[in-house]
Amino acid sequence: MKQIRAQWRWVAFIVSSVLLWSSTSAQIRYSIAEEVKEGTVVGNIAKDLGLEKNTLKERGCRVVEGSSESLFHVNQNDGLLYVNRIIDREEVCERSSVCLINLKTVLENPLEIHYVTVEVLDINDHSPTFLTKESHLEISESVLPGLRLQLQAAQDPDVGQFSVQEYKLSPNDHFRLEVKDRGKDGKIPTLILLKTLDRETKKIHKLLLSAFDGGKPSKSGSTTIIVDVLDVNDNMPVFTEDVYSLSLDENAPIGTTIIRLNASDLDEGTNGDIIYSFGSNVDTRIRELFHVDPNTGDIIVQHLLDFELEESYAIDIQASDKGSAPLRTDKSVMVNIVDLNDNIPRIEITSFSKAIPENARLGTTVALISVVDEDSGLNGKVICSFIEDVPFTLSPSTQDNMYSIVTKSALDREKQATYDVRIIAKDAGVPSLSSEKSITIAVSDVNDNSPVFSESPYIFYVTENNSPGAVLFSVRASDRDEGDNACILYHIFRDGKESAKIQSVSLSINFENGDISGLKSFDYETLKTFQFQVVATDSGTPSQRSNVTVNVFILDQNDNAPVIMYPLSSNGSAEGVEEIPRNVNAGHLVTKVRAYDADIGYNGWLLFSLLEVTDHSLFGLDRYTGQIRTLRSFTETDEAEHKLVILVKDNGNVSLSATATVIVKLVEPKEAFAASDVKSAAKVDEEDNVTFYLMITLGAVSVLFLVSIIVLISMQCAKSAEYTSKYLQETNYDGTLCHSIQYRSGDKRYMLVGPRMSIGSTIVPRSHANTLVLPDRRRPSEEFEYRL
C-alpha cells in the first residue's frame with residue numbers, strides 16, 4: 001500500500017500543470033498533490049507570465065499569502081514556484097471538496113500583481129473510522145420486518161472518491177444494509193429488519209459494520225453493532241412536523257433556544273415517555289455549538305455561531321421512548337445561519353514605494369492596497385477613500401477590493417516633504433463598519449532649485465593695506481533642495497577683460513564657504529574700486545547655478561606722509577633761506593611753505609604750525625596756506641637772522657608729518673633790492689616748475705576720482721532706476737592740495753571736503769570724518785547730500 005501511495009504522489013506531481021487564466025484577471029492555476037516533499041516544483045511562474053528569468057530578481061518577485069506561514073515561494077533565479085513545507089490538505093482546507101490556495105505574486109519596479117491559484121489534490125491518506133468501536137441497538141421482538149434504524153456513519157477526512165464510498169454488513173439472516181447518499185454529509189448506513197426477531201431464539205445479535213473508501217487499494221474501518229432484542233414496545237415516537245427548518249442570526253447569545261421539538265408516543269407509561277438526544281451521526285462540532293434538552297426537546301445555543309465558518313447546520317435529533325425496548329425516531333433540523341455585519345474591513349498594504357520623486361508624473365503608482373472583509377454580500381462590499389485632501393487618489397483595480405494609490409497633482413518637496421495619508425475602508429452593511437490605516441509617503445528631492453545669494457548685488461568696503469591672504473569678506477548662497485542638491489560650491493567668474501582685472505587684484509575664494517581673500521594688499525592711491533562676479537553651483541545632477549555681482553570699494557588709510565615741495569635746498573632737504581629788508585611793514589609775505597600728501601580727504605588735508613621760532617612776535621604762519629608773514633615792523637634791536645621750523649601734519653586718525661626749515665635774514669634795503677633781482681628770475685623758474693608738477697599731480701588725482709565716481713554712478717544706476725548721481729570736481733590749490741568732490745545720490749547731496757568746511761554742514765557717520773551732508777539751499781522741498 002505504501003508503494004501505491006508513493007506512486008500516486010509521483011503521478012500527482014508529474015501531472016501538475018497550469019490551467020487557463022481568465023481574460024479579465026489573468027489568473028494562473030496549478031495543481032499539486034498533498035504531502036509532496038519540500039522543494040517540489042509547482043509551476044514556472046516566469047514562463048506563464050511571459051517574464052524573462054533575469055528580470056525577476058531586479059523586479060523583486062515574491063509571493064504574498066494570507067496565512068502567517070508561507071506554503072510556497074518563488075525562486076528569483078529560475079522563476080519556479082516551489083513548495084515550502086509538506087501540505088496536509090485536510091489541515092489547510094478541512095472538509096472542502098475543492099482545496100484552493102490563492103496566492104498573490106507581486107512584481108515591483110514597476111508594480112504588478114498577479115493571482116495564482118494552487119489546487120491541492122487529495123490523496124488517500126486516511127482510513128474510514130467510526131466514533132465508537134461498539135454500539136448497541138435494542139429492538140423489540142414484536143417489531144415487524146421493514147424496521148429502519150440509522151446507523152453510525154464512518155468519518156473519513158479525505159474527499160471525493162477517497163471518502164467513504166460503501167458499507168458492508170456481516171452476513172446474517174435478520175438484517176440487511178441500505179446506504180443513503182446525504183450529499184455533503186456523506187453516505188449514511190441504515191439497518192433494515194428483514195424478519196421478525198425472536199428473543200427466545202436469540203437474545204443478542206452481533207453485526208460487523210465495515211466502511212470502505214474509493215482508493216485503490218481501498219482503506220476500511222469497522223464497528224461492532226450489538227442488537228439486544230427486547231420485549232414488546234410497538235409504538236415509535238412521532239414528531240409533529242415533517243420538516244424542521246429555521247434561520248438563526250450569527251453571534252446569537254449563548255443560551256438562546258432556537259426551537260422546541262415535540263414528539264408523541266401512543267404507548268402508555270414508560271413506553272410512552274420520550275427523551276430527546278442528538279442523532280448517531282451528529283459530529284463533534286455540532287455537539288459543541290448546540291445542546292438538546294432531553295426532557296423538553298429544546299435545542300439551545302451553547303457557543304457563538306459564525307457565518308463565515310459555516311452557513312448552515314443539519315442537526316439530527318433522535319426521539320426515544322422509555323420502554324423496556326425503546327423505540328426511536330430520527331428527525332433532521334435544518335438551521336440556516338443569517339450573516340450579520342460583524343467583521344470590520346481590514347486594509348493590507350500589498351506593495352509600497354518608500355519614496356516618490358517630487359517630479360513624478362501624474363498617475364504614478366505609489367502603493368498597492370487590498371481590503372479584506374470576511375462578511376458576505378453587501379456586508380463584505382467595501383469602499384475605500386482618503387480622509388484628508390491629499391495629492392493622491394485611490395484607483396480601484398479589476399480585482400475586487402484592490403486599489404492603487406496614484407498621484408493626482410504635482411508634488412513639491414520644498415513645500416511638503418512627507419504626507420501622512422489616512423485611508424478609511426467602509427463596508428455597505430447596516431450599520432456600516434469601517435477601519436482606518438495610515439501610511440507615510442515620502443517625497444524625494446530633485447534638483448529643481450537654483451542657489452540664491454543672500455544679497456544681490458554685494459557691496460563691500462575694504463581698507464587699503466590689508467594683510468595678504470586674510471579673508472576680506474564673504475558671499476553666501478542657499479538652496480532649498482537637500483543633500484547633494486543643496487551642497488553649494490563657489491568660484492569667481494573669469495572671462496575676458498574681467499578675468500584680467502580680477503587677476504590683477506589677486507582674489508581667491510574658498511569654494512566651500514564663499515570666503516574671499518586678497519592675495520596681495522590694496523593701494524587706494526592705485527585702485528579705488530573694482531567689480532567681479534561670483535558663481536554658486538550646487539552638486540545636483542544636472543547642477544543648477546546662479547551668479548551675483550560683487551562691488552568692492554577701497555577705503556583710504558593715512559599711509560602717506562606729507563612731502564615738502566618748497567623750500568628745497570640743493571641737496572634735497574626741506575630747508576631754505578629767505579632775505580627780506582628790515583624796513584618791511586607788518587603783514588609782509590616772507591615765503592610760502594608748499595607741501596603735498598598723496599592721501600585723499602582728511603588723510604590728505606594738511607595743516608601748518610610753527611614748531612620752532614626765534615622770536616614769536618616777529619613772524620606768523622597761516623595754519624591752512626603755509627604763508628609766513630611778518631607780525632610787526634623790524635627794529636634795530638632785532639637780530640639779523642631768524643630760524644623758523646614749520647611742522648606740516650595731515651589730518652589722519654594717526655597723523656603723519658614733515659618739517660621744513662626756513663632761515664630768514666634781515667638785510668638793508670639796498671642789499672635786498674640787489675638780491676631780489678637775482679632771485680626773481682630763479683624764483684620765477686622755480687615757481688613755474690612747481691606749478692607744473694602740481695598741475696600734473698592734481699590732474700592725475702582728479703582723473704582717478706572721476707573714474708571712481710563714474711563706476712559708482714554705473715553701479716547705482718544698475719541697482720535702482722531711481723538712483724541718480726551727479727559729480728562735480730573742484731580742485732583748489734593754495735599751498736596745499738585740497739580736494740572738494742560733490743555728488744548727488746537719490747534725494748541727498750554729498751561732499752568730500754578738504755581743509756575748509758562749509759558753514760552749517762554736518763559730518764556723515766561712518767565716513768572717516770571726510771563726508772558732509774550739505775543743507776539744501778535750492779528749494780525747501782528738496783534735500784541734497786554729498787558723499788565720497
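This is a predicted model: local features need pLDDT of at least 70, side-chain atom pairs count only at pLDDT 80 or more; totals for chains, interfaces and linings use all residues.
1. Strand S40 (residues 545–555) runs parallel to strand S33 (residues 458–463), and six bridges join the two. Pairing here follows DSSP, with at least two bridges required between two strands; strands themselves are DSSP runs of E, at least two residues long, numbered from the N terminus.

2. Residues are numbered from 1 along each chain as its sequence is written, and side-chain values use heavy atoms, with hydrogens and water left out.

3. S40 has another partner to look at: strand S39 (residues 529–538) pairs with S40 in the antiparallel sense, over nine bridges. Asn547 in S40 is the bridge partner of Val535. Six residues lie between S39 and S40, and the two strands form a hairpin.

4. Back at S33 and S40, the side chains are worth a look too. The rings of Tyr461 and Phe553 are stacked, because their centres are 5.5 Å apart and their planes at 25°. (Rings of Phe, Tyr and Trp, the last by its six-membered ring, pair if their centres lie within 6.5 Å; planes under 30 degrees apart count as stacked, over 60 as edge-to-face and the rest as tilted.) Tyr461 belongs to strand S33 and Phe553 to strand S40, so this pair links distant parts of the chain, 92 residues apart.

5. Are Tyr461 and Phe553 buried or exposed? Tyr461 is exposed, at a relative accessible area of 55%, whereas Phe553 counts as buried at 12%. The cut-offs are under 20% relative accessible area for buried and over 50% for exposed, with partly exposed in between (1.4 Å probe, protein chains only).

6. The structure holds 11 aromatic pairs. One of them is edge-to-face: the rings of Phe290 and Tyr313 have centres 5.7 Å apart and planes at 75°. Phe290 lies in strand S20 (residues 290–292) and Tyr313 in strand S22 (residues 312–321), so the pair ties together parts that are 23 residues apart in sequence. Both Phe290 and Tyr313 are buried.

7. Please also look at the aromatic cluster formed by Phe453, Tyr458, Phe460 and Phe473.

8. Finally, two lysines. The charged end of Lys528 sits over the ring of Tyr524, 4.7 Å from its centre, and that of Lys168 over the ring of Phe212, at 5.1 Å. For this, NZ of Lys or CZ of Arg must be within 6 Å of the ring centre and within 35 degrees of the ring normal.

Notes
Helices (H or I, at least four residues) and strands (E, at least two) are DSSP runs, numbered from the N terminus.
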